[in-house]
Amino acid sequence: MFGRSKTTSTLSKADRNGHLIIMHAVAKTFKTAAGPFTALKNVDLRVNRGEFVAIIGKSGSGKSTLLNMLTGIDRPTSGEVYVGETPVHTLSEGQMAKWRGRNLGIVFQFFQLLPTLSLVENIMLPMDFCHMYAPRERKRRAMELLDMVKMTQHANKLPSAISGGQQQRVAIARALANDPPIIVADEPTGNLDSKTAEHVFELFEGLVQQGKTIVMVTHDSDKAKRVHRAVIVSDGEVLEEYLARAFSTLSQEQLIWASHNVEPEQHEPGSIVFHSGSAPDQFYIITRGAAEVVLRTPDGQNIVAARLTPGQYFGETPALARGASVALLRGTERTATVRAALDTGVEVITLDRNTFNALIAQSEPTRESLDETADRRYAETEALLKKK
Ligand SMILES: Nc1ncnc2c1ncn2[C@@H]1O[C@H](COP(=O)(O)OP(=O)(O)O)[C@@H](O)[C@H]1O
Ligand SMILES: [Mg+2]
């Protein structure tokens, strides 16, 4: 139906393009008494270092199954999962446990602390298992982590002696025991009252500020709004929320298809996303931070024509402004420079030219709404340049 066919071949390092987490064409079929049941279908997902990604979707849609593919708790029926340089889908059970212990912190809805160990012992366990830190250091480190989640005074209690919210805080401290770069959490606030849930969520926000990458399943749509990017799982397929918001006129099928071809990118404050005059090859939707559209006046001054924020898109203009809607992003040049805002930098999801063109060729309302935006921007630009 659409242009680009999906490849199921092994991703090269170049294909992986520096993303910290990649799921490529991942499918999972369970054998059940009633016959095979496909819980994940051809899932593609890319996550950048430092991103806070929420996984949302109805109960039974496949969220936990998706996380289990990332953590190696379960294996895909087909497809590939990379975390950093590690092809997780190829690890043996023994390798998997060691790898997971060092690289992932996992937080579950029901905490899953070991009931016969004290809280501090629960936190030391992953360090013992992975031989991380000198044995004498482990207790001190565990106490520091308990301090971070404000639980030091309970260190020697058993899990059953503390509340659910406190258990979850300890579970987060345990997830951090080996200082993993990535935290994966499956409805970590799902079993907590709203005030406690807020505290726990703030802990996660603090971890992202420290540079951790977090993938979190959540039922709580208010919380999902506070992350960098949300991914919707629907009947075992993944679609990007920002894409759905930017293109509200696309059908679910089109959104799922386009989501397979989305790549997140990060641009440092002040860096150029593209130059005026360059060949347009991508379309961008901002997920975090801001981008500035910079124009050059006839007398050679650079002016910031617009500041674009999350949910807004750019990169569509050149062909559209000339009314050549369907041949979009082909042949023409960029008419402005776009740079990452100096104060925030910018994170975007991108669609390549073929995907973008296929989308607007398939959806007249989408083309119309893009045309409208482009016309408006074109007029604004003209007016601004005249004023100068
Ligand atoms: N081990 C399993 N065997 C058979 N079916 C499963 C198994 N695990 C999950 N499923 C099914 O796969 C679907 C997705 O489950 P899950 O990923 O747990 O959904 P979510 O976390 O979104 O609620 C559900 O229909 C569920 O019943
Ligand atoms: Mg679940």
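## Shell around ligand 1

Helix 2 contributes the most to the shell around ligand 1, with three residues. Helices (H or I, at least four residues) and strands (E, at least two) are DSSP runs numbered from the N terminus. This is a predicted model: local features need pLDDT of at least 70, side-chain atom pairs count only at pLDDT 80 or more, and totals for chains, interfaces and linings use all residues. Residues are numbered from 1 along each chain as its sequence is written, while chains are lettered from A and ligands numbered from 1 in the order in which they are written.

Around ligand 1 stand F30, T32, F37, A39, G57, S59, G60, S61, G62, K63, S64 and T65 (C-beta atom, placed from the backbone, within 6 Å). Strand 1 (21–32), strand 2 (35–47) and helix 2 (63–71) each give two or more residues. The shell has three nonpolar residues, eight polar and one charged.

## Strand 3

Five of the five residues of strand 3 (residues 52–56) are buried, so the strand is largely enclosed by the rest of the structure. Buried means 20 or more other C-beta atoms within 10 Å of the residue's own, with C-beta atoms placed from the backbone. F52, A54 and I56 lie on one side, V53 and I55 on the other.

Strand 3 pairs (at least two DSSP bridges) with strand 8 (residues 213–217), parallel, over four bridges. A54 stands opposite M216 there. Four bridges also join strand 3 to strand 9, again parallel. I55 has V231 of strand 9 as its bridge partner.

## Strands 9 and 10

V231 also has a bridge partner in strand 10, E240. Strand 9 (residues 229–234) and strand 10 pair antiparallel over four bridges. They form a hairpin with two residues between them. In the turn, D235 has a positive phi of about 45°.

In strand 10 (residues 237–240), E237 and L239 point one way, V238 and E240 the other, and all are buried.

Technical notes. A residue is buried if 20 or more other C-beta atoms lie within 10 Å of its own, exposed if 12 or fewer, and partly exposed in between; C-beta atoms are placed from the backbone. Ala, Val, Leu, Ile, Met, Phe, Trp, Tyr, Cys and Pro count as nonpolar, Asp, Glu, Lys and Arg as charged, and the others, Gly among them, as polar.
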